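Please keep the sequence and the model in view while reading.

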Amino acid sequence: MDIVMDCLPLDFASLSQEQKAQILDLDTAAFGMAQAWGRHHFELALPGKTELSFYTTDGSMIFGYAIAFRQVSQTGDWVHLSRLAARADFRQRGVGRKLLQQILAATQKAQLRMITAEVDESQAAEAGFYLKLGFQKLTSEAELRSYLKAKGKEGRIQRYMFGQQQVFIKRTV
């Protein structure tokens, strides 16, 4: 069952100390200590990116957050979803969907051509989530090479070709 929540721009600097702590705890729970962003990462990575980053709350509890940013490319700018996390006890209740819908609306408003997300091979549930919401998995070598070139990651093609890392795309215009 979906929950009633607001979806607000994620401006880490303007959050209360309690809200910051909730975001940091959620990040650690979602990504593990090895891949968790520390406070400094949120403070350095988010300024100027609030138009595409959001969090969900009922006013006291933060249920999830998403960080997306404009990816600049010679072939046209797009949005890349860098992080999406929901509290474990609120998964399957519309948190991720609401966050992604907000990012999609902002992407369309900015007239950006698509949104992308990367998923590690061990995250089958996340891959299914994106597919269910209309994303397509990039599978052709040509598409993957074009995507990686635009991101400056050409040297990592093998990771993507052999499925260790998957790319999902949703065209918006």
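Rings of Phe, Tyr and Trp (its six-membered ring) form a pair if their centres lie within 6.5 Å; planes under 30 degrees apart count as stacked, over 60 as edge-to-face and the rest as tilted. In the whole structure, a search finds 8 aromatic pairs. One of them joins F12 and F42, whose ring centres are 5.2 Å apart with planes at 20 degrees, so this pair is stacked. It links distant parts of the chain, 30 residues apart: F12 is in the loop between β1 (6–9) and α1, and F42 is in helix α2. Helices (H or I, at least four residues) and strands (E, at least two) are DSSP runs, numbered from the N terminus.

This is a predicted model, in which local features need pLDDT of at least 70 and side-chain atom pairs count only at pLDDT 80 or more, while totals for chains, interfaces and linings use all residues. Residues are numbered from 1 along each chain as its sequence is written, and side-chain values use heavy atoms, with hydrogens and water left out.

Residues are called buried under 20% relative accessible area, exposed over 50% and partly exposed in between (1.4 Å probe, protein chains only). F42 counts as buried because its relative accessibility is 0%. The rings of F42 and Y65 have centres 5.8 Å apart and planes at 70 degrees, so they form an edge-to-face pair. Here F42 in helix α2 is linked to Y65 in strand β3, 23 residues apart. Ring pairs connect F12, W37, F42 and Y65 into a cluster.

Attention now turns to helix α1. The buried residues of α1 are Q19, K20, Q22, I23, L24, L26 and D27. Their cover includes α2 (39–45), β2 (54–57), β3 (62–71) and β4 (78–86), where contact means heavy atoms within 4.5 Å.

Strand β5 holds T116. T116 is buried because its relative accessible area is 0%. Its side chain makes polar contacts with the side chains of W78 (3.0 Å) and H80 (2.8 Å). A polar contact is a pair of N or O atoms within 3.5 Å; within protein, one must be able to donate a hydrogen and the other to accept it, and residues adjacent in sequence count only if both atoms are side-chain atoms.

Where is Q92 placed? Q92 is in the loop between β4 and α3 (95–109). Q92 is exposed because its relative accessible area is 75%.
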